[in-house]
Amino acid sequence: VMEHVMHPQKAFSEIGRVLKPGGSHIFTIPWYGELSKSRPRVIEEDGKLNYLMDAEYHGTEEYNGPHEYHGPYLVTWDWGRDIAQYIFEASGMHTTINRVQDRSIGLDGRFLEAFISQKPH
């Protein structure tokens, strides 16, 4: 959900704070490897949203699956190649990016990366 968090630096900082030494935060996000720098799509100023780009949303209120997924949810960040540095500066954690693409098990297309941030021992 890190693409929906309004203040991700605070979120990554808190994740780093609460993890045990050597602990890992494993997550997925839509990752745009063609972007050299991550960019906010919207920022909060004085309690109001300031859109820097056209609003984008994930999810739909029409889905009634087993987990009662709701939405739509505003996308606040487009994450680029600098995400590992962003996380390190916010939390001191080192992040690796792993991609598994295997058509034989149905993994193909975009956004197959898993991010693993680890708190130092």
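Student: Where is T76 placed, and why is T76 called buried or exposed?

Tutor: T76 is in the loop between strand 6 (73-74) and strand 7. Strands are DSSP runs of E with at least two residues, helices are runs of H or I with at least four, and both are numbered from the N terminus. Buried means under 20% relative accessible area, exposed means over 50%, and partly exposed lies in between, with a 1.4 Å probe and protein chains only. T76 has 1% relative accessibility, so T76 counts as buried. The model is predicted, so local features need pLDDT of at least 70 and side-chain atom pairs count only at pLDDT 80 or more, while totals for chains, interfaces and linings use all residues. Residues are numbered from 1 along each chain as its sequence is written, and side-chain values use heavy atoms, without hydrogens and water.

Student: Which residues is T76 in contact with, beyond its neighbours within four places in sequence?

Tutor: Contact means heavy atoms within 4.5 Å. With those neighbours left aside, T76 is in contact with E3, H4, V5 and M6, and also with R39, P40, R41 and V42.

Student: Why is D78 called buried?

Tutor: D78 has a relative accessibility of 3%, and the limit is under 20%, so D78 counts as buried. D78 lies in strand 7 (residues 77-78).

Student: What makes the pair of D78 and R41 a polar contact?

Tutor: A polar contact is a pair of N or O atoms within 3.5 Å; within protein, one must be able to donate a hydrogen and the other to accept it, and residues adjacent in sequence count only if both atoms are side-chain atoms. The side chains of D78 and R41 make such a contact at 2.8 Å. R41 is also one of the residues that D78 touches outside four places in sequence, with Y32, L35, S38, R39 and M53.

Student: Why is N50 called partly exposed?

Tutor: The relative accessible area of N50 is 30%, which falls between the 20% and 50% limits, so N50 is partly exposed. N50 lies in strand 4 (residues 48-51), and its side chain makes a polar contact with the side chain of E45 at 3.1 Å. Beyond four places in sequence, N50 is in contact with V42, I43 and E45.

Student: What makes a set of residues a nonpolar core, and which residues have the most contacts inside the largest one?

Tutor: A nonpolar core is a set of buried Ala, Val, Leu, Ile, Met, Phe, Trp, Tyr and Cys residues joined through side-chain atoms within 4.5 Å. The largest has 14 residues, and F12, F27, I29, W79 and I83 have the most contacts inside it. Helix 1 (8-18) and helix 2 (83-91) are the elements that give two or more residues to this core. Helix 2 gives the most, with three residues. Outside four places in sequence, I83 touches F27, I29, W31, S38, I97 and F115.

Student: How many helices and strands does the protein have, and what share of its residues is buried?

Tutor: The protein has two helices and nine strands, in the order α-β-β-β-β-β-β-β-α-β-β from the N terminus. Buried residues make up 32% of its 121 residues.
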